[in-house]
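Here's a quick briefing to read alongside the structure. Have it open while you go through the points.

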Amino acid sequence: MLEIESGTRIVHSERMELDDGTAEYRVETRFEADGEDALLTLRMIFADEATRETMIETGMEHGMEASYARVDPLLTSPGGQ
């Protein structure tokens with residue numbers, strides 16, 4: 001963990017193994033009230049444009065979206081069930 005602002009922001013570093021090496025990047029996650037809901041904003045910060053493009057080409061956003069879709073019902077149902 002690089003930074004934490006309780007209830008609103010988390011910054012951490014990640015790395016992903018790719019065919020041509022390891023990509024390291026920072027992730028900033030923000031949580032904001034949105035009426036009765038919460039808005040989660042995730043920002044990935046790469047060292048350069050080439051690394052960003054390589055990460056996009058992996059299709060990782062589809063896996064991330066599927067993971068959030070599985071978690072969402074747990075967060076929106078009473079008792080988290």
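Is Glu28 buried or exposed? Glu28 counts as buried, because its relative accessibility is 9% (buried means under 20% relative accessible area, exposed over 50%, partly exposed in between, with a 1.4 Å probe and protein chains only). Keep in mind that this is a predicted model, where local features need pLDDT of at least 70, side-chain atom pairs count only at pLDDT 80 or more, and totals for chains, interfaces and linings use all residues. Residues are numbered from 1 along each chain as its sequence is written, and side-chain values use heavy atoms, with hydrogens and water left out.

**Salt bridges around Glu28**

- The whole structure has eight salt bridges (a side-chain nitrogen of Lys or Arg within 4 Å of a carboxyl oxygen of Asp or Glu).
- One of them joins Arg9 to Glu28, with the closest N and O atoms 2.7 Å apart.
- That pair ties together distant parts of the chain, since Arg9 sits in strand E2 (residues 9–18) and Glu28 in strand E3 (residues 21–34), 19 residues apart (strands, E, are DSSP runs of at least two residues and helices, H or I, of at least four, numbered from the N terminus).
- Arg30 counts as partly exposed because its relative accessibility is 35%.
- Glu3, Glu5, Arg9, Arg26, Glu28, Arg30 and Arg43 are linked in a salt-bridge network.

- Arg52 and Glu49 pair up at 3.8 Å, N to O.
- They're about one helical turn apart, because three residues separate their positions in H1 (residues 49–57).
- Glu49 is exposed, at 57% relative accessibility.
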